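Biologist: Hi! Could you walk me through this one while I have it open?
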Amino acid sequence: GYSGIGKTEYTFWTAKRNAELWNKVCYVSLELPKEDMIHRICTARAWVSKWEFQTNNFTDTQREIMDAKYDELISLSDRLAIVEPKDHSLEQVIQTIRNYYDFGVRLFYIDNLDKVTLASAGNDENKRHWDITSKLQDLKNELHICIVLIHHSSKKAKWTMSDVPSGLEGMRGSQKIVDNCTNCFEIFRDMSWDDPLEHNVTRLFQVKDTSGWPKGMCKLVFDHWEYKEFIKEEQEAKVMKMQSDNKDKPF
């Protein structure tokens, strides 16, 4: 997905939901330290901005929400591990996966491909992408595990060009990334205000399935920091209520 579209939020939500269903999960965070990731989740859940948190400018209710979210994440720590490898090399990432595999983990997330380093590739990004995804594919086949590797779509020349999904052709880097994956999904969110019904609706596209089954798409809404199925009638009712509440306001 595009930068800032919500890849980390969505994938971590799916990781948490799996942990709630007693599937052991390891989330390898190469972008954010564990503390920062938990902090962001807790403050976002309570709608507390960075400035409000730093200045202690939030309500008791917001504090209770942050505390409750923190307690919820800690309660899942025996099933949901957020890991920061000591370095970002592919060798260290693979060793981390093997270590957690020995503890019964079969579902792994890596956030994200561009943060994984591979000295043997030098400055050749295409070779680095090729080698990393190939070795992860071999590891997946060897251990019979699921590895969710997060990656970016290419940046568009204009922001207005990012109001449509990028598709397979819009993935940043080598075609070998696509070749080496079993399934490929794109997370897309319409950030425009053209259609209030579709605004900020997250769409998950399956753009590749090695098994050859018909590819699909689902729509999700982010409601109280939980992803829920998009139901047109419910969204229409919300939009109508919002428009009704605002019709008498001068601005």
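Biologist: At what angle do helix α2 and helix α4 pack?
Modeller: In this predicted model, α2 (residues 34–45) and α4 (residues 60–75) pack at about 140°. Their axes are 8 Å apart.
Biologist: Why is α2 called oblique to α4, then?
Modeller: An angle over 145 degrees would count as roughly antiparallel, and theirs is about 140°, so α2 is oblique to α4.
Biologist: Is the crossing left-handed or right-handed?
Modeller: Right-handed, as α2 passes α4.
Biologist: Which residues meet there?
Modeller: From α2 you have I38, I41, C42, T43 and R45, and they meet I65, M66, K69, Y70 and L73 of α4. By type, the residues of that contact divide into 7 nonpolar, 1 polar and 2 charged.
Biologist: Nice. Switching to the sheet: what is the strand order?
Modeller: The order is β5-β6-β7-β8, in an open sheet of 4 strands with antiparallel pairing. From one strand to the next, the twist averages 35°.
Biologist: Which strands stand at the edges?
Modeller: Those are β5 (183–189) and β8 (226–229). Each has a single partner strand, so one side of each lacks a neighbour in the sheet.
Biologist: And how many bridges join β5 to β6?
Modeller: There are 7 bridges between β5 and β6 (residues 202–209), and the two strands run antiparallel.

Definitions and conventions:
Residues are numbered from 1 along each chain as its sequence is written. This is a predicted model: local features need pLDDT of at least 70, side-chain atom pairs count only at pLDDT 80 or more; totals for chains, interfaces and linings use all residues. Side-chain values use heavy atoms; hydrogens and water are left out. Axes are lines fitted to C-alpha atoms, for helices over the stretch in contact, and angles run from 0 to 180 degrees between N-to-C directions. Angles under 35 degrees count as roughly parallel, over 145 as roughly antiparallel, 65 to 115 as roughly perpendicular and the rest as oblique. A crossing is left-handed if the near helix is turned anticlockwise from the far one by less than a right angle, and right-handed if clockwise. Contact means heavy atoms within 4.5 Å. Ala, Val, Leu, Ile, Met, Phe, Trp, Tyr, Cys and Pro count as nonpolar, Asp, Glu, Lys and Arg as charged, and the others, Gly among them, as polar. Two strands pair if DSSP finds at least two bridges between them.
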